[in-house]
Amino acid sequence: MAGKPKLHYFNGRGRMESIRWLLAAAGVEFEEKFIETREDWDRIRKDGSLMYQQVPMVEIDGMKLVQTRAIINYIANKHNLYGKDMKERALIDMYVEGVADLNEMTIVFPVHPPGVKETKLSEIKDKAKNRYFPAFEKVLKSHGQDYLVGNKLSKADILLVELLYNVEELDPSAIASFPQLQALKTRISNLPTVKKFLQPGSQRKPPTDEKTIEEAKKMFM
Amino acid sequence: MAGKPKLHYFNGRGRMESIRWLLAAAGVEFEEKFIETREDWDRIRKDGSLMYQQVPMVEIDGMKLVQTRAIINYIANKHNLYGKDMKERALIDMYVEGVADLNEMTIVFPVHPPGVKETKLSEIKDKAKNRYFPAFEKVLKSHGQDYLVGNKLSKADILLVELLYNVEELDPSAIASFPQLQALKTRISNLPTVKKFLQPGSQRNPPDDEKCREEAKIIFH
């Protein structure tokens, strides 16, 4: 086997965090190489590792994969987190894409200047409460099963629960009126692999703060 | 069988055009129901068809799928346009995600006000010439095969060729220095299904223009 997957990113959540969640939930140990200086960033872009000169990049099974969705889909495929047939895959993708649209807002949120942040926070709260959370609540209510699709854990459950944690950090009462989502969050959080990931000392990254943004700006412009 | 897929969108390219390309290339006949008035738009959002109150939406095989990637992946899976194994899928996804990043810029381009358009056009040309086209040229050159992955047609080839047409409409010399891309474009364009789609009278849409911009504002919010 090719050894543990190796994640290349800066030392923060950004677009790599969903990949960390998925690997952790799947029980896959992984290594991380952090891009910490301008030199690190110049070097990795020049050595041909990055197809589009962008990270995330994950070295896995002999490949240097970039593009968050390509990485996530490969991990989901490999670890049976993508449903059992084409139609289940379609539902899983439909749910994950909605999760990604809202999660995108939480990913870029720390980068906004203070004046803009208030507006963006309102947008996140509004979209969560009125568009996305009701949609997922409805799915869970419609079948009453423990997982979003096919009565089996998939990338949709893991990435939705990650999203719930992310939104709650910005709005603690975000899922107060969504009992199905609360129950899903509890169930997924209690899976042994996820429980471990949620404990201090894991590779889960803290919320991105102002200081991290300033450092990242130096590198990523 | 469930009949032909039915596409719900406004009468323009937007985010539905990639789906039209894929279905057409796969030789799948499809119907379209256009959202043309505010009443159409209000109705479709109220009848529960749209998981996130957004289009594209495609009725296919008993499902009402939303989210462009979910729809594209289902079609690719169903019509053997997604490689033969997990690793080929990963490469195909990696390429398609890069295509999507640049294509996104061409999709939103008509919506910008005139002053902003010049800047955005420069960005598109720059990213095409310096980031994306060299990456795909390199892939084709590396194996010398007729298709991007696994010596077989996949969604990657179809969506990349759509992108080439889109960029050339904004910059006619866009692939002048990329011989592999030119050859791929020619080969894919000569596939009987694609050739038919490229002819007048097909369901391919003309470029989105200012008129679309006003209509789109109703829908794209």
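Buried area is the accessible area (1.4 Å probe) that two parts lose on being put together, summed over both. Between chain B and chain A it comes to about 3000 Å², with carbon and sulfur atoms giving 61%. On the chain B side, Met51(B), Tyr52(B) and Met94(B) lose the most area to chain A, together 20% of what that side buries.

A quick word on the ground rules: this is a predicted model, where local features need pLDDT of at least 70, side-chain atom pairs count only at pLDDT 80 or more, and totals for chains, interfaces and linings use all residues. Residues are numbered from 1 along each chain as its sequence is written, and side-chain values use heavy atoms, leaving out hydrogens and water.

Here is how the two chains meet.

| Item between chain B and chain A | Value |
|---|---|
| Residues of chain B in contact (heavy atoms within 4.5 Å) | 34 residues |
| Residues of chain A in contact | 33 residues |
| Salt bridges (side-chain nitrogen of Lys or Arg within 4 Å of a carboxyl oxygen of Asp or Glu) | 2 salt bridges |

One of the salt bridges joins the side chains of Arg69(B) and Glu97(A), at 3.7 Å from N to O. Helices here are DSSP runs (H or I, at least four residues), numbered from the N terminus. Helix 4 of chain B gives the most to the side that touches chain A, with 10 residues.

Now for helix 4 of chain A. At 1.5 Å times one less than its number of residues, its 23 residues (86–108) should span 33 Å, and the end C-alpha atoms are 32 Å apart, which agrees.

Note on methods: Chains lettered and ligands numbered in written order. Helix = DSSP H or I, 4+ residues; strand = E, 2+ residues; numbered from the N terminus.
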